[in-house]
Amino acid sequence: RSYCRLFDLCMVLPNETWLPDLQATGWFQHVQFILAGAVMVADSVTKGNPVLVHCSDGWDRTAQLTSLAQLFLDPYYRTIDGFLLLIEKEWLRFSHKFASRSGLGREIGVGNISAKDDHEFSPVFHIFLECVWQVSQQYPSAFEFTGTLLVFLSDAAHNCRFCDFSFDTDRDREAAGATRPQMPRVADYVALHRQRFINDQFVKNSSAVCDNDGWWRFDPRTGAAVRADAAVITSPTQSETVLTPDVSLPTLKFWCVQP
């Protein structure tokens with residue numbers, strides 16, 4: 001409901017009630033709650049405490065919280081390659097229902113879509129991208145990418161151009177691969193247009209290093225470098241590598257994309 005109210009509000013010209021109406025959508029409260037939860041997870045991990053994150057199904061709020069927590073903890077996931085890997089392992093591999101949540105099931109005719117699936121629409125992935133954007137506004141030099149990449153990913157989750165976001169599960173993607181081999185992957189497109197998404201203010205963190213074999217990061221438990229695709233949440237080696245964003249409502253901004 002918050003998303004629909006926000007969408008409707010963006011379709012009208014601002015007037016004297018526009019800002020109160022914006023607050024009344026409740027959208028920023030949702031963003032705040034998700035960010036606060038991710039900050040709590042990251043804080044627990046930095047203190048050496050194990051954390052179990054699991055929502056009712058494990059592919060919506062779980063992905064939001066674990067992805068953001070890893071983004072706060074590990075500078076690798078703030079690079080372009082790392083961010084795409086984060087989405088791959090936390091969203092795609094855990095079968096976030098991109099087609100159903102984006103309302104794409106009927107348009108592309110995948111799986112056994114029934115009438116009740118129309119009610120599965122929810123901007124779960126979009127609000128995750130907004131949370132990332134909010135944090136990037138507080139740490140403009142901590143991210144290799146700009147909001148342009150986030151907008152591109154949001155569009156890709158709705159336009160049926162990419163096989164990554166057009167299906168609910170890996171099984172559906174594999175089945176479609178035989179009949180639609182022309183559907184590209186998001187990572188391939190980003191690689192071809194990488195310069196479009198580069199943040200000129202980005203400062204590479206010393207705890208995320210790259211060699212000819214790809215990205216590596218330091219494992220604080222052993223002091224050794226490990227491959228970045230190890231897919232584990234670990235405490236950082238230096239306190240300054242951890243992002244601790246202010247999640248109070250007054251700090252949140254309205255994400256307005258210029259046409």
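A residue is called buried if its relative accessible area is under 20%, exposed if that area is over 50%, and partly exposed in between, as judged with a 1.4 Å probe and protein chains only. The structure is a predicted model, in which local features need pLDDT of at least 70 and side-chain atom pairs count only at pLDDT 80 or more, while totals for chains, interfaces and linings use all residues. Residues are numbered from 1 along each chain as its sequence is written, and side-chain values use heavy atoms, with hydrogens and water left out.

**View 1. The whole chain and its elements.** The chain holds eleven helices and three strands, where helices (H or I, at least four residues) and strands (E, at least two) are DSSP runs numbered from the N terminus. Of the 259 residues in the chain, 46% are buried. Among contacts (heavy atoms within 4.5 Å) between residues at least 6 apart in sequence, 67% join residues at least 24 apart.

**View 2. The pair of Trp-133 and Trp-255.** A search of the whole structure finds twelve aromatic pairs, for which rings of Phe, Tyr and Trp (its six-membered ring) must have their centres within 6.5 Å, with planes under 30 degrees apart counting as stacked, over 60 as edge-to-face and the rest as tilted. Trp-133 and Trp-255 form one that is stacked, at 5.5 Å centre to centre and with 10 degrees between the planes. This pair links distant parts of the chain, since Trp-133 is in helix α8 (residues 124–138) and Trp-255 is in the segment after β3 (224–227), 122 residues apart. Both Trp-133 and Trp-255 are buried.

**View 3. The pair of Phe-152 and Phe-197.** The ring centres of Phe-152 and Phe-197 are 5.6 Å apart and the planes stand at 45 degrees, so this pair is tilted. Because Phe-152 lies in helix α9 (residues 147–156) and Phe-197 in the loop between α11 (186–192) and β1 (208–211), the pair ties together parts that are 45 residues apart in sequence. Phe-152 is buried, with a relative accessible area of 6%, and Phe-197 is also buried, with a value of 0%.

**View 4. Ser-67 and its surroundings.** Ser-67 has its place in helix α4 (residues 61–73) and is buried, with a relative accessible area of 0%. A polar atom of the Ser-67 side chain lies 2.7 Å from the backbone oxygen of Ala-63. Leaving aside neighbours within four places in sequence, Ser-67 is in contact with Leu-86, Glu-90, Trp-91 and Phe-128. Trp-91 and Phe-128 belong to one aromatic cluster that also includes Phe-83, Phe-125, Phe-143 and Phe-145.

Conventions
Polar contact = N/O pair within 3.5 Å; in protein donor to acceptor, adjacent residues only side chain to side chain.
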